[in-house]
Amino acid sequence: MQNSIIIPVRAGSKDLKDKNIRPFCGQPLLGYVLTKLCKSDIFEHIIVTSDSDDYLSIADKYGATDLIKRPLSLATDTAASSEVLKHAISKFEENRKINNDKYFLTQVTSPLWLPQDLIDFVNRSMSIKSSLVSVCLAKQNPYYNLLEKSSTGYSLVKQSKFRNFWKCRSWFI
């Protein structure tokens, strides 16, 4: 079995324009993540799916092995990640004439992992038949960082109904 990882990255960010290619540690954020993936040396295929030719060009420059142009219908705020992944896997397998039974996913906007973290994650996943999700222990309850909309605008949520939520060490699905 070959290890393949998919990175979905779209150009249509509304909150922070072009956040996926903004400079981070001297490289575009996408380039930073791709550099670390290449250093991990555990993926035969690093697949980037995007609606943007510019983003795909950056992905090619930083070591992506497979570039998949995503249709605009899968590059909206409401497009389901599962549909984006199905499209990427279908196109990848069609182009490469291979059929993997396991794919990995990473998000460009979560770059604070080390290559060894990913190696450990992949090794751990080999003994799991379904999905494995990586999480980390929060220093405080993340609910305290949420905003609630009211008739006067947005306000910081101060009371949490989920006080023990942050104590969970890891979740496996």
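Q: What makes two residues count as being in contact here?
A: Contact means heavy atoms within 4.5 Å. By that cut-off, and leaving aside neighbours within four places in sequence, Ile-46 is in contact with Ile-5, Ile-7, Leu-34, Leu-37, Cys-38, Gly-63, Ala-64, Thr-65 and Asp-66.

Q: How do you know which residues and atoms are used?
A: This is a predicted model, in which local features need pLDDT of at least 70 and side-chain atom pairs count only at pLDDT 80 or more, while totals for chains, interfaces and linings use all residues. Residues are numbered from 1 along each chain as its sequence is written, and side-chain values use heavy atoms, with hydrogens and water left out.

Q: Why is His-45 called buried?
A: Buried means under 20% relative accessible area, exposed means over 50%, and partly exposed is in between (1.4 Å probe, protein chains only). His-45 has 6% relative accessibility, so it counts as buried.

Q: What makes Asp-18 and Asp-41 fall into separate classes of accessibility?
A: Asp-18 has a relative accessible area of 25%, so it is partly exposed. Asp-41 is at 68%, so it counts as exposed. Asp-18 has a positive phi of about 55° although it is not a glycine, and Asp-41 likewise has a positive phi of about 55° without being a glycine.

Q: Why is strand E1 described as largely enclosed?
A: Helices (H or I, at least four residues) and strands (E, at least two) are DSSP runs, numbered from the N terminus. E1 covers residues 4-8, and five of the five are buried, so the strand is largely enclosed by the rest of the structure. Ser-4, Ile-6 and Pro-8 point one way from E1, and Ile-5 and Ile-7 the other way.

Q: How do you know that E1 pairs with E4 and with E6?
A: Two strands pair if DSSP finds at least two bridges between them. E1 and E4 (residues 45-50) have five bridges in the parallel sense, and E1 and E6 (residues 103-105) have three, also parallel. Ser-4 has His-45 as its bridge partner in E4 and Tyr-103 as its partner in E6.

Q: Why are E5 and E6 said to stand at the edges?
A: The open sheet of four strands has the order E5-E4-E1-E6. E5 (66-69) and E6 each have a single partner strand, so one side of each is left without a neighbour in the sheet.

Q: What makes a set of residues a nonpolar core?
A: The set must consist of buried Ala, Val, Leu, Ile, Met, Phe, Trp, Tyr and Cys residues joined through side-chain atoms within 4.5 Å. The largest such core has 23 residues, and Ile-7, Leu-30 and Ile-46 are among those with the most contacts inside it. Helix H1 (29-40) is one of the elements that supply at least two residues, and H1 gives the most, with five.
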